Amino acid sequence: MRTRSSSNLIVESSTNLKRRNRRRFKQTVKPEIQNIVETPVVTTVDTRTMLELLQAPTEGYGDAIVIPVIFAKNFELKVGLLQLVTSSQFHGFERDDPHAHIRWFKKITSTLKYKNVPHDAIKLMLFPFSLEGAARIWLEKEPPRSILTWEDLVSKFVNYFFPPSKTTNLKNDITNFQQKFEETFSEAWDRFKDLLRKCSHHGFSEFHQIDTFYNALTQSDQDSLNAAAGGNLLNRTPRDALMIIKNKSKVRTSRNKPIVSKVSTTTSSTSPSPDVTALTEIVKELVLMNKANQQAFVKAVDDICVTCGGPHPYYECLATNCWE
């Protein structure tokens with residue numbers, strides 16, 4: 001068996017290193033020196049006059065609403081439809097309800113159907129015509145092409161004109177609801193439903209709504225509901241309690257004020273009431289005062305002399321007696 005000596009290993013390793021270094025040396029590439037030539041930038045000279053530079057721009061008025069592509073031919077919005085939309089515009093006042101405006105607008109546009117025309121495209125095209133005043137200014141201030149869908153438009157519109165503070169105030173009004181003085185049951189129920197409608201996202205359950213309304217009523221109306229329910233109204237299911245409230249609200253004549261019975265003209269009582277007696281005495285005094293004033297006025301007229309105009313009768317006038 002042949003073995004390699006250590007000397008042979010050293011010679012072989014040294015030769016291998018030389019070969020590797022030789023290969024590496026051959027593979028290295030010297031960097032080429034390139035001359036960078038800068039091309040001059042051509043600048044155009046602005047030849048506009050000062051008057052032209054001061055003029056307001058006439059371009060760049062991009063709309064915020066992006067209308068989807070309509071493939072229908074000869075499609076146009078009718079004038080009558082625009083008049084219908086503008087008949088009840090949203091101005092953005094504090095009393096205006098954006099939810100009610102959206103419901104009204106969707107009810108109008110739900111009847112419109114055109115072939116090859118997306119329904120959302122019709123609503124996006126018509127909605128700007130339903131705005132006026134502060135609401136139109138709001139839409140004009142929105143960034144161009146920032147509203148791409150009908151959902152985007154509804155979300156931005158409602159959140160701007162129905163901020164969280166308004167939600168908090170309406171929820172407090174619902175929670176603290178009370179029947180007003182001389183307010184009928186049906187009037188109180190209608191006002192309570194209006195509060196719920198103005199804040200449709202109140203989050204109150206049906207049981208909470210009925211409990212709030214029931215405890216806000218007067219004792220007489222609570223007793224009336226309990227009698228209709230055959231006991232305490234709150235012992236019934238929310239569905240039954242709501243039906244009882246709706247049935248009672250259909251009666252429009254019960255007011256929370258004392259009922260004054262009419263006095264019959266055929267009554268046999270001969271003694272008048274104290275109020276009538278006092279009124280009669282006042283009328284008598286007025287008649288006597290008027291009569292006394294008339295008599296004083298007549299006497300004052302009779303005591304004026306027709307000859308000299310003095311404060312005495314004509315037959316006592318000295319101007320007349322001097323001729324005798």
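The model is predicted. Its largest nonpolar core comprises 47 residues, and helix α9, spanning residues 185-198, gives the most to this core, with six residues. In soluble globular proteins, nonpolar side chains tend to be buried together. Within the core, Phe-157 and Phe-213 are the residues with the most contacts. When residues up to four places away in sequence are not counted, Phe-157 touches Phe-90, Pro-98, His-101, Ile-102, Phe-127, Leu-131 and Trp-138.

A search of the whole structure for cavities of 30 Å³ or more returns one, and the volume of the largest cavity is about 40 Å³. Two elements give two or more residues to its lining, namely α10 (206-215) and α12 (238-249). The residues that line the largest cavity are Phe-207, Ile-210, Leu-233, Leu-234, Arg-236, Thr-237, Pro-238 and Ala-241. By class, this lining consists of six nonpolar residues, one polar residue and one charged residue.

The last topic is Thr-109, a residue of helix α4, which covers residues 98-109. Is Thr-109 buried or exposed? Its relative accessibility is 0%, and Thr-109 therefore counts as buried, since the cut-off for a buried residue is under 20%. Apart from neighbours within four places in sequence, Thr-109 is in contact with His-119, Lys-123 and Leu-126.

Technical notes: Residues numbered from 1 in each chain as written. Predicted model: local features only at pLDDT ≥ 70, side-chain atom pairs only at ≥ 80, totals over all residues. Heavy atoms only, no water. Helix = DSSP H or I, 4+ residues; strand = E, 2+ residues; numbered from the N terminus. Buried < 20%, exposed > 50% of the residue type's maximum accessible area, 1.4 Å probe, protein only. Contact = heavy atoms within 4.5 Å. 1 Å grid on protein atoms, 1.4 Å probe; cavity = no way out; pocket = protein on both sides within 12 Å on 5 of 7 lines; lining within 4 Å. Points joined across faces, edges and corners; volume = space filled by probe spheres on them. Nonpolar A, V, L, I, M, F, W, Y, C, P; charged D, E, K, R; others polar. Core = buried A, V, L, I, M, F, W, Y, C linked by side-chain atoms within 4.5 Å.
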